[in-house]
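Work through the exercises below with the sequence and the model side by side. Try each task before reading its solution.

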Amino acid sequence: MSGKLFYKKIPLEELVILSQKSDYRALEELIKREQKNIFATFTYLSKKRENIADLTQEALMRMARGLINLRNPKTFKSWLNQIVTNLFYDELRKSTRKPQLVSIDTEPSENSFHTQIPDYRHKPAEKAMSLELDTMIKNEIKSLPEHFRIAIILRELQGLSYEEIAEATHTTIGTVKSRIARARGKLQDGLKNYI
Amino acid sequence: MTINLTCTQVSALLSFYIDDRLSAQLKQFVESHLEVCPSCRAKFEALKAMVSSLKEVHEKMTAVKLDYNSNQIPQQNEEFQMNLSAYVDNELSDEENIKVKKYVISNAKARQDLENMYNLRKVLNNSFEKTKNEAKEDYSKYILKRIDIQEEIYGSDSFAKVVALFIVIFTIFTLTAVIIFWI
Ligand SMILES: [Zn+2]
């Protein structure tokens with residue numbers, strides 16, 4: 001049996017264990033399996049398109065380097081999402097220093113938002129266009145308050161439980177429950193003409 | 001006086017027996033049959049388990065009050081919206097779960113909300129799958145190379161330390177030997 005094919009067929013958990021034992025081909029396969037998922041996740045999390053590739057690389061690097069410290073291979077998925085979440089918050093911290101990326105954690109009234117804070121989310125020309133649903137969804141998710149955004153992504157796209165999300169974002173299960181519900185409410189509002 | 005009941009007779013009496021609705025005498029006849037007949041006893045145990053689990057569900061259902069404010073439309077009912085969201089995530093306790101179900105069954109607008117919630121999920125998942133498939137970049141070689149380089153640096157670094165230490169010890173040893181020899 002060819003080596004590549006062999007690694008392709010190994011279940012995730014075993015791949016993690018082999019990678020921990022410095023099996024480079026296992027690690028290579030593990031990176032290949034996870035990179036699309038991580039890249040896609042940052043596509044929804046990062047407001048800056050040009051950061052997505054860097055964030056993905058950094059997450060994979062932290063995964064590859066930190067794997068040895070992962071005690072229970074069964075928790076790999078939530079462990080990896082912890083890395084993604086940390087990078088997301090790191091990026092936010094860096095970007096909040098720059099004036100154009102005002103955090104919109106509180107929901108400003110339509111008026112104040114458009115008149116006082118320049119809208120850098122999409123250019124006015126694009127805004128007038130009828131956007132494809134997928135672009136629409138990404139824009140809606142990116143315009144969610146950051147805590148809502150990470151919670152709904154970890155739930156809907158990564159399939160984590162409320163408990164795992166609470167752990168990754170350092171908060172309570174009750175808060176996670178409320179953030180996810182409110183994120184859904186906002187998304188349904190924003191997409192109501194499309195879904 | 002004892003009457004020996006047949007298995008068929010006991011079977012017919014079992015559910016009355018479980019509900020404690022037999023006369024004292026009949027109850028005794030059933031009991032003495034159950035003592036000697038394993039097949040009727042097995043039937044009895046199974047029936048008893050079923051009844052008690054049904055009772056439990058029934059008690060839960062009636063204990064859960066329909067206390068979502070029914071004057072409010074579901075869209076404005078924050079508690080319901082929050083629990084509906086947790087309901088689709090399978091994150092509710094049994095009791096809250098039943099509460100949501102009851103409300104959804106009895107309220108058409110709430111049912112619409114649930115449908116919308118599932119729709120949103122479907123749309124999000126489609127979008128995510130599409131985005132995942134669009135990610136074409138392969139970082140594996142690059143990451144492995146970076147790790148390799150780091151380990152090489154780290155490896156050569158510790159090797160250099162060992163060599164340096166060895167040289168120092170060797171020098172001290174030689175110097176001492178030379179000094180001793182000269183004395
Ligand atoms: Zn019998």
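This is a predicted model: local features need pLDDT of at least 70, side-chain atom pairs count only at pLDDT 80 or more; totals for chains, interfaces and linings use all residues.

Residues are numbered from 1 along each chain as its sequence is written, chains are lettered from A and ligands numbered from 1 in the order in which they are written, and side-chain values use heavy atoms, with hydrogens and water left out.

**Exercise 1.** Find the protein donors of the zinc ion and determine their arrangement.

Solution. 
- Step 1. Donors are N, O and S atoms within 2.8 Å of the metal (3.2 Å for Na, K and Ca); water is not among the atoms, so sites may look incomplete.
- Step 2. At 2.0 to 2.4 Å from the zinc ion lie C7(B) (SG), H33(B) (NE2), C37(B) (SG) and C40(B) (SG).
- Step 3. The angles between the four donor atoms are 102 to 114 degrees, so the arrangement is tetrahedral (four donors, all angles between 85 and 135 degrees).
- Step 4. Along the chain, the donors have the spacing C-x25-H-x3-C-x2-C. C7(B) belongs to helix α1 (residues 7–18) of chain B and C40(B) to helix α3 (residues 38–63) of chain B, so this pair ties together parts 33 residues apart in sequence. Helices here are DSSP runs (H or I, at least four residues), numbered from the N terminus.

**Exercise 2.** Is C40(B) buried or exposed, and what about C7(B)?

Solution. 
- Step 1. Buried means under 20% relative accessible area, exposed over 50%, and partly exposed in between (1.4 Å probe, protein chains only).
- Step 2. C40(B) has 1% relative accessibility, so it is buried.
- Step 3. C7(B) has a relative accessible area of 34%, so it is partly exposed.

**Exercise 3.** Describe how α8(A) and α6(B) cross, and which residues meet.

Solution. 
- Step 1. The axes of helix α8 (residues 133–142) of chain A and helix α6 (residues 108–134) of chain B come within 10 Å and cross at roughly 105 degrees. Axes are lines fitted to C-alpha atoms, for helices over the stretch in contact, with angles from 0 to 180 degrees between N-to-C directions.
- Step 2. α8(A) is therefore roughly perpendicular to α6(B) (65 to 115 degrees).
- Step 3. With contact meaning heavy atoms within 4.5 Å, L133(A), D134(A), I137(A), K138(A) and I141(A) of α8(A) meet V123(B), L124(B), S127(B), K130(B) and T131(B) of α6(B).

Key. Helices (H or I, at least four residues) and strands (E, at least two) are DSSP runs, numbered from the N terminus. Angles under 35 degrees count as roughly parallel, over 145 as roughly antiparallel, 65 to 115 as roughly perpendicular and the rest as oblique. Four donors count as tetrahedral if all angles lie between 85 and 135 degrees; four count as square planar and six as octahedral if opposite donors are over 155 degrees apart and all others between 65 and 115; anything else is irregular.
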